[in-house]
Amino acid sequence: MPGGPVFDVVAPVPDVPAAGGAAFEASRPVPGAVAPEPGVSRVLGAEAPETPPLLAPGAPGAPDSGAPVPGGAASEAPPVGSGVPGGSVFDGVPPAPGAPVPGVGLFETPPVGSGVPGAPVFDGVPPAPGAPVPGVAASETPPLTPGALDAPAFVAPEAAPGSPGPSSEASADPWRRYDPWAAAPLGAGPLQQTGGAVLSVEQRRRRRRRGLVGGALLLALVSGVVGGGVGVHLERNGGVGAVELPQAPAEPGGRAADSVAGIAARALPSVVTLHVSGSEEAGTGTGFVLDTRGHILTNSHVVEPAGSGGEISVVFNGGQTAEAEVVGKDSGYDLAVVRVTGVRGLRPLPLGNSDNVRVGDPVVAIGAPFDLEGTVTSGIISAKERPITAGGDSGDASDVSYVDALQTDAPINPGNSGGPLLDTRGQVIGINSAIRSAADGTDSDGGQSGSIGLGFAIPVNQGKRVAEELINTGRATHPVIGVTLDMDYAGDGARVGTDDSGGSAPVTAGGPGDRAGIRPGDVITAVDGRRVHSGEELIVKTRAHRPGDRLELTVERDGKERTLSLVLGSSDSG
């Protein structure tokens with residue numbers, strides 16, 4: 001407005017145009033404007049004289065209140081309340097906050113849209129950014145002159161205490177009655193947070209714990225579904241690729257010499273299987289090589305079916321076969337020797353010493369049980385000097401064998417007869433000969449019975465002596481005492497027969513017993529200090545020695561015991 005004071009105002013809110021358009025631009029230099037010279041004020045383009053410095057009232061040189069300012073009319077201020085533009089609206093002390101300003105309502109806001117400079121140009125919602133302001137042409141906006149930069153800024157008076165605050169309508173729509181000079185609403189406090197309440201530490205922990213539990217459950221569910229799918233696929237399709245089972249790598253074939261495998265590896269080439277056939281019966285047994293000349297040791301009852309015109313076929317471990325003939329046999333010892341010819345590379349099995357055997361020693365048995373050649377079993381020596389008798393099928397007791405046997409729990413079955421019983425050195429300590437079967441000696445199917453862990457072998461010391469006699473003479477000698485025993489005696493010991501037993505002399509005149517002083521009716525209770533309980537045991541103990549051996553016999557006569565020394569005689573087997 002020409003002649004009126006220019007007000008510097010606060011810059012409007014961003015993106016919101018101030019009322020009156022460009023008239024309310026912030027106090028900033030206009031591009032291209034010339035800076036005012038010192039002492040010159042430019043009001044709306046008018047050049048004013050330099051204004052002297054103001055002095056406080058009553059100070060030396062200060063004009064009286066209301067006196068004209070020196071310098072002419074151009075510097076005179078209009079009277080207070082005169083309503084002249086540029087005049088002061090109050091004199092002396094400014095009015096109290098909220099009190100009406102005396103004089104003309106110079107600062108009253110003209111009606112909306114009246115077109116008067118300073119009047120609001122819109123009512124209600126402000127126009128969109130960049131839209132033309134209604135009621136005012138773009139060209140009507142007075143330009144900001146360079147003199148506006150030097151105009152004093154107007155400071156709006158503070159609202160008086162107790163004055164009414166902004167209406168609810170203004171609070172609801174702050175743009176409806178926008179007044180840049182209005183006082184701040186009463187009760188306006190600092191901004192408040194309108195979001196949710198801040199969680200405590202415990203609440204955050206619980207929420208995190210629930211999140212972890214939920215995540216674990218979700219992971220377990222997903223894993224279960226995936227695992228189930230993979231399992232169904234593998235079950236239906238047999239895996240994801242070709243099946244290759246794990247297997248241990250190959251190892252060296254050698255074994256310790258004293259192991260079962262080591263013993264068997266050395267002994268099997270010397271063990272043979274015998275197939276015997278005769279006019280009435282046939283059978284299978286085992287034998288082992290004695291020397292390089294083809295002599296093979298086996299049991300007498302193995303070759304018995306061949307008789308005088310039967311056949312014996314020998315099968316070696318490597319599969320070779322050869323015909324064999326009987327060199328000699330002795331049913332009392334249950335031993336026989338056969339011989340093969342035309343066979344080279346025979347490997348004799350070394351013989352041990354049965355007197356060195358102790359109960360509990362490990363042993364290995366080799367044979368052809370039920371015609372299963374090359375079968376290897378193992379066990380221990382269960383007992384020594386076990387008196388056994390076998391055979392007796394002929395009815396005259398001529399085929400009864402008496403053996404002071406080694407007992408073993410190594411499985412021995414029909415077909416093992418005549419096979420070797422080996423110690424840990426691979427040496428022969430016995431010849432497998434008999435087994436004790438359960439019940440009636442047959443299995444549940446009515447066939448031959450098998451092992452129940454009671455096997456018996458002829459000591460190799462006895463077998464060696466008999467084999468040498470059979471090879472050298474074709475006959476074996478038996479050590480004898482020269483007495484006849486009462487096999488029906490039920491008492492303890494072996495009783496010599498009486499004068500009326502069978503019509504023959506119970507003590508052979510001039511025989512070993514007669515020379516030792518044995519009398520009819522004497523009861524022999526021990527041999528070399530070892531008790532005997534029957535006539536069979538006395539025979540077994542005697543057969544364990546060679547002819548010519550000396551024995552110490554304990555004899556009970558008329559209730560008294562006495563010791564007799566006896567030298568064994570000899571008899572040839574028939």
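## Reading strands, burial and confidence in a predicted chain

Modeller: Let us begin with a strand pair: β3 and strand β4 (residues 282–289) run antiparallel and are joined by seven bridges. The model is a predicted one, in which local features need pLDDT of at least 70 and side-chain atom pairs count only at pLDDT 80 or more, while totals for chains, interfaces and linings use all residues. Residues are numbered from 1 along each chain as its sequence is written, and side-chain values use heavy atoms, with hydrogens and water left out.

Biologist: What do the element labels and the pairing rest on?

Modeller: Helices (H or I, at least four residues) and strands (E, at least two) are DSSP runs, numbered from the N terminus. Two strands pair if DSSP finds at least two bridges between them. Here the chain holds seven helices and 21 strands.

Biologist: Which residue stands opposite T284 in β4?

Modeller: T284 faces H275. The hairpin formed by β3 and β4 has four residues between its strands. β4 also pairs with strand β5 (residues 295–298), in the antiparallel sense and over two bridges, with V289 opposite I296. The β4–β5 hairpin has five residues between the strands, and G294 in its turn has a positive phi of about 100°.

Biologist: In what order do the six strands of the barrel close?

Modeller: The order is β9-β10-β11-β14-β13-β12, with antiparallel pairing. Neighbouring strands of this sheet are turned by 50° against each other on average, direction ignored. For such angles, axes are lines fitted to C-alpha atoms (for helices, over the stretch in contact), and values run from 0 to 180 degrees between N-to-C directions.

Biologist: Which residues of helix α3 (residues 260–267) are buried?

Modeller: Buried means under 20% relative accessible area, exposed over 50%, and partly exposed in between (1.4 Å probe, protein chains only). In α3, G262, I263, A264 and A267 are buried. Their cover includes β3 (271–277), β9 (362–367), β10 (375–390) and β12. Over the chain of 574 residues, 31% are buried.

Biologist: Is V303 buried or exposed?

Modeller: V303 counts as buried because its relative accessible area is 2%. This residue belongs to helix α4 (residues 300–303). Contact means heavy atoms within 4.5 Å; neighbours within four places in sequence aside, V303 touches L274, V276, T298, I312, V326, K329, A336 and V338. V276 is 27 residues from V303 in sequence, yet their C-alpha atoms are 6.3 Å apart.

Biologist: What is the place of D522?

Modeller: D522 is in the loop between α6 (512–516) and β17 (523–527), and its relative accessibility of 2% is why it counts as buried. A polar atom of the D522 side chain lies 2.8 Å from the backbone nitrogen of R519. Beyond four places in sequence, the contacts of D522 include R495, V496 and E556.

Biologist: What is the mean pLDDT of the chain?

Modeller: pLDDT is the predictor's confidence in each residue, from 0 to 100. Its mean over the chain is 75, and 61% of the residues reach 70 or more. Residues 1–30 have pLDDT below 50, and the model gives this stretch 46 contacts beyond near neighbours in sequence. Residues 103–107 also stay under 50, with four contacts beyond four places in sequence.

Note on methods: A polar contact is a pair of N or O atoms within 3.5 Å; within protein, one must be able to donate a hydrogen and the other to accept it, and residues adjacent in sequence count only if both atoms are side-chain atoms.
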